[in-house]
Amino acid sequence: MVEITRRAAFAAAAGLAMPWVAAPAHAQTTRIRFAHPHPESDSWHRAALLFARTLKERSDGAITVQVFPNGALGSDPTIISAARGGTLDIALTGNPYFTGLAPKLNVLDLPFQFRDRKHVAAVLDGPIGDKLKPELEPSGLVVLGFWDIGFRNLTNSRRAVQTAADIEGLKIRTTPNPAHIKAFQLLGANPTPLAFTELFTALETRTVDGQENPTTLILNARFFEVQKHLSLTRHAYTAGILAMSKQRLDSLPEKHRELIRAVAAEVTPKQRQMNEDAEPGSIAKLKEEGMQVVAEPDRESMAKIVVAPVRAEYTSQFGAELPEAIHATGA
């Protein structure tokens with residue numbers, strides 16, 4: 001009995017000295033549930049798995065992450081709500097789905113705002129991104145990183161889109177983001193907000209004529225099966241927000257919190273690079289799959305209609321500081 005007690009005391013002391021490896025696995029393991037709506041072929045899922053592997057390796061198995069792709073745990077609003085309530089640990093989805101909670105984030109979705117991905121990175125990884133991240137904390141979410149969805153392009157099943165006039169009359173699925181909705185209203189379309197998880201069926205049944213997303217996601221979600229026309233409008237950029245339940249993060253040991261933040265910061269630029277690298281090949285593949293691609297539509301005709309009024313609507317509520325700072329960044 002004395003020997004057993006001595007062994008237990010030794011084990012406890014060793015556990016304090018080397019907490020990653022010496023204590024019982026059940027006492028040390030932090031299990032994280034991570035959900036997103038994109039297919040398993042998409043960079044979001046590949047980067048989520050990299051996030052999971054890296055956390056497990058760096059923590060010597062003390063942190064494990066289970067990733068649920070493809071809307072397995074619900075639609076975009078559902079996983080955000082679950083993370084806010086603490087029943088899901090990490091929700092990853094597009095910035096437009098968070099703007100209802102933090103309307104200032106809508107600045108990232110203003111049309112024709114970002115010049116290229118270098119401009120995007122300078123904004124999201126710099127002072128502007130740092131200023132925007134805390135906007136979600138009152139809603140119970142901590143932003144771990146801004147991932148990439150990419151520059152949005154228009155697809156539809158009815159006609160080629162060469163100019164702004166060709167968009168008029170199309171019923172287009174959009175996100176619920178006010179900037180997206182307003183822009184398509186100005187262009188004479190009928191914007192119809194839907195969760196991403198509902199989109200393929202809506203296109204297949206012709207509930208909507210078209211949608212707008214980056215070419216990588218159009219390919220990975222197989223929208224080419226139900227859409228004929230693709231126009232590379234690049235009319236807006238969309239970030240994905242990697243958001244963790246504040247309640248859950250705050251409940252973890254400090255070393256776990258620090259490691260989660262550090263690995264998220266490390267994986268974020270890698271995920272963006274995955275999308276950037278895949279974009280040219282995705283366009284080529286969509287052509288192979290039979291989509292008719294307008295490579296150089298008249299973007300100026302679209303920008304003239306949407307940029308000023310959509311920006312004015314934002315600045316009337318929140319001022320011009322953020323849009324002007326974004327425009328000036330990297331210029």
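Trainee: How do α3 and α11 run relative to each other, parallel or antiparallel?
Mentor: This is a predicted model. In it, the axes of α3 and α11 cross at roughly 150°. The two helices are therefore roughly antiparallel to each other. The cut-off for that label is an angle over 145 degrees.

Trainee: Within what distance do the axes of α3 and α11 come?
Mentor: Within 9 Å. Helix α3 covers residues 43–58, and α11 covers residues 254–288.

Trainee: And which hand does the crossing have, left or right?
Mentor: Right-handed, as α3 passes α11.

Trainee: Which residues meet there?
Mentor: From α3, the list includes Trp44, Leu50, Phe51, Thr54 and Leu55. From α11, it includes Leu259, Ile260, Val263, Glu266 and Met274.

Trainee: What kinds of residues make up that contact?
Mentor: It divides into 11 nonpolar, four polar and four charged.

Trainee: Let me pick one. Is Thr54 buried or exposed?
Mentor: Buried. Its relative accessible area is 7%, and the cut-off for buried is under 20%.

Trainee: What does Thr54 touch?
Mentor: Val263 and Glu266, leaving aside neighbours within four places in sequence. Both are among the α11 residues that meet α3.

Trainee: Now α5. At what angle does α5 pack with α11?
Mentor: About 170°, with the axes 12 Å apart. So α5 and α11 are also roughly antiparallel to each other.

Trainee: Which residues are in that contact?
Mentor: Arg117, Ala121 and Leu124 sit on the α5 side. Arg272, Asn275, Glu276 and Glu279 sit on the α11 side. The set divides into two nonpolar, one polar and four charged.

Trainee: New topic. Which residues of α7 are buried?
Mentor: Ala179, His180, Ala183 and Phe184. Seen down the axis, they fall within an arc of 125°, so they line one face of α7.

Trainee: What covers the buried residues of α7?
Mentor: The cover includes strands β5, β6, β7, β8 and β10, along with helix α12.

Trainee: How about α13? Which residues are buried there?
Mentor: Leu322, Pro323 and Ile326. They span an arc of only 100° around the axis, which puts them on the same side of α13.

Trainee: And which residues are exposed on the other side of α13?
Mentor: Glu321, His327 and Ala328.

Trainee: What covers the buried side of α13?
Mentor: Helices α5, α6 and α12 are included in what covers those buried residues.

Trainee: What follows α13?
Mentor: Gly330, with a positive phi near 70°.

Trainee: Which residues other than glycine have a positive phi?
Mentor: Phe112 is one of them, with phi near 50°. Arg206 is one too, at about 60°. Most residues other than glycine have a negative phi.

Trainee: Where are Phe112 and Arg206?
Mentor: Both are in loops. Phe112 sits between β3 and α5, and Arg206 sits between α8 and β8.

Trainee: Buried or exposed?
Mentor: Phe112 is partly exposed, at 25% relative accessible area. Arg206 counts as exposed, at 54%.

Trainee: What about Leu110? Where is that?
Mentor: Leu110 is in the loop between β3 and α5. At 3% relative accessibility, Leu110 counts as buried.

Trainee: What does Leu110 touch?
Mentor: Ala179, Val310, Arg311, Tyr314 and Pro323, not counting residues up to four places away in sequence. Ala179 is one of the buried residues of α7, and Pro323 is one of those in α13.

Trainee: How far is Leu110 from Ala236?
Mentor: They are 126 residues apart along the chain, but their C-alpha atoms are separated by 6.6 Å.

Trainee: One more loop. Where is Ser157?
Mentor: Between β5 and β6. Ser157 is buried, with 14% relative accessible area.

Trainee: Which residues does Ser157 contact?
Mentor: Leaving aside neighbours within four places in sequence, the contacts are Arg206, Asp209, Val226, Gln227, Lys228 and His229.

Key:
Residues numbered from 1 in each chain as written. Predicted model: local features only at pLDDT ≥ 70, side-chain atom pairs only at ≥ 80, totals over all residues. Heavy atoms only, no water. Helix = DSSP H or I, 4+ residues; strand = E, 2+ residues; numbered from the N terminus. Buried < 20%, exposed > 50% of the residue type's maximum accessible area, 1.4 Å probe, protein only. Contact = heavy atoms within 4.5 Å. Axes fitted to C-alpha atoms, helices over the stretch in contact; angles between N-to-C directions. Parallel < 35°, antiparallel > 145°, perpendicular 65-115°, else oblique. Left-handed = near helix turned anticlockwise from the far one by under 90°. Nonpolar A, V, L, I, M, F, W, Y, C, P; charged D, E, K, R; others polar. Arc of directions from axis to C-beta.
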